[in-house]
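Student: I have a chain to look over with you. Could we go through it together, one question at a time?

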Amino acid sequence: MKSETALKSQTEFVKTENRVPSFVMPTVKLLIFLIDASLAFASFALAFVLREGDAIFSETAWSVEFKPYAAVLIFVVPIRLVMLIYQRTYRLQGAFSYIAESIKIFKAVAIGSLLIISFTFLFRGGFAFREFSYSRGVFALDFVFALVIFSAFHLGLRFTQTLFRARDINLIPTLVVGTNSEAEQTIRELRERTDLGYRVVGIIATGNTEKSGYNLEKLSARSSDSVAETFSGVQIVGDLDDLPDVIRELAIQEVIITDSNLPSEKLFEAMMRLGRRQKVEFRLAPSLFNFLPQKTSVEQIGILPMVRLFREPLSDAERFVKRAFDISISIFVIVLLAPLWLIISVLIKFDSSGAILFRQERVGMDGRRFLCYKFRTMKTDADESVHREAYLKNIEGLREANAGNEENPVFGKVKNDPRVTRTGKFLRRTSLDELPQFLNVLRGEMSIVGARPPIPYEVEEYDLWHRKRLDMKPGITGLWQVSGRNRLPFEEMVRIDLFYIENWSVWLDLKIIVLTLPAILRGDGAR
């Protein structure tokens, strides 16, 4: 539209520079982490000294009395840190409250103490102290001291954080979508409450611009060399079509949506266009509570209730279990199969020239793009358009999408693909080409079990209901892979993925993993 073009042309992006270098925040988090480790040790040691009345150290090492408890330290410190991480106490961006922070610390310390006691009385500090009788009083005092020490330290950190935020440090670059009364209220609250941790750097104009008579036609009528339009003292930086570009140019980390007329597909398209490097949170303002999608969580930002969009359809506990499951299995597989990785690398190099790993952009949860790793199975000059054409036929449900026959159908594959190398055929048949995807799992981009990660040009052809398969992280294996894999047409694959998302459980993941091996032995990966 002409008005949209005019609005975009008259607006220049003015990126707000960081007040501190980018390495400062990771360094601060690391320092806090190390202090927490020291506090966990200090709390346990102090509990021992006050309860037992003995020294911790001797002239050379641990004292004889403390040695059995020293063996327990390998559980105490890691458990305390893991629980603090799980409660997200190291998240230093965005709004917080002292009450919520206190609850987080209490949960981390209480659950941590229960785990410490369980580990201690199960393993008793190892084989050397299996007959030793540990004092329950030490663990009770440790809980009390840990609660007091960690609460004082982290609440003190939060107070210090508010002082820095008052000086315009540690504020999240935020974009508001809409120019209505809700947008004005949001801007006013975030401007007056710098302790919340947000800096509104721009406004996205939408059709719903009733406040003060703002509308796109009026904006476009302004001279292109005039001062940039503002709303509630904040620069209007574009319209809905500009959203991905504005997010990239202004390094936006939070998008607050105040316009109830914003189509949901616009948000998905914005996520697709943003690419894999941009990490953005989307939130809904209070007036939109009647339009909430399934994947949301309600949070308080000052006096404003906000809804965080694009969350996994799992509870915090379920996400923690699934993530811990993914990390432990990935590390085990990578270490166990390290010699096999070396053998495969040598075979690939001897078979054809080119890189060992093939990196391809895929679409992850909520349309976020990432680089998916595989062992290279094709020649380096392979034409991607061949697969693109075959898969688009599969999405459309055409008969010619079947690269097999009526008895053994194969969907989404290129028949007798000339691009595949000799080693590549073996790797595909055994699914060994997907081993490097365990690196994606460790990076948090994929899960062990989930839907197949699609290529961007596939997602561009999706119907709206197809996109629901992106509600969770994609997986190395999944219900689709063990239910027929390429023998199933596209629509059936989507239904199976949606069934998995709606019925997820740890036992379902374990069952799928167990069923994956027979599927590999049948050679489903080659079909």
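Student: Which helix holds Phenylalanine 123?

Tutor: This is a predicted model, where local features need pLDDT of at least 70, side-chain atom pairs count only at pLDDT 80 or more, and totals for chains, interfaces and linings use all residues. Residues are numbered from 1 along each chain as its sequence is written, and side-chain values use heavy atoms, with hydrogens and water left out. Helices are DSSP runs of H or I with at least four residues, strands are runs of E with at least two, and both are numbered from the N terminus. The run over residues 98-123 includes Phenylalanine 123, and that run is helix α5.

Student: What is the relative accessible area of Phenylalanine 123?

Tutor: Buried means under 20%, exposed over 50%, and partly exposed in between, with a 1.4 Å probe and protein chains only. Phenylalanine 123 counts as partly exposed because its relative accessible area is 47%.

Student: Which helix has the lowest confidence in the chain?

Tutor: Confidence here is pLDDT, given by the predictor for each residue from 0 to 100. The chain mean is 78, and helix α15 (residues 437-442) is highest at 94. At the other end, with a mean of 43, is helix α1 (residues 2-10).

Student: How many contacts beyond four places in sequence does the model have for residues 287-296?

Tutor: A contact means heavy atoms within 4.5 Å. Where pLDDT is low, the predicted coordinates should not be read in detail. Over residues 287-296 pLDDT stays under 50, and the contacts there number 29.
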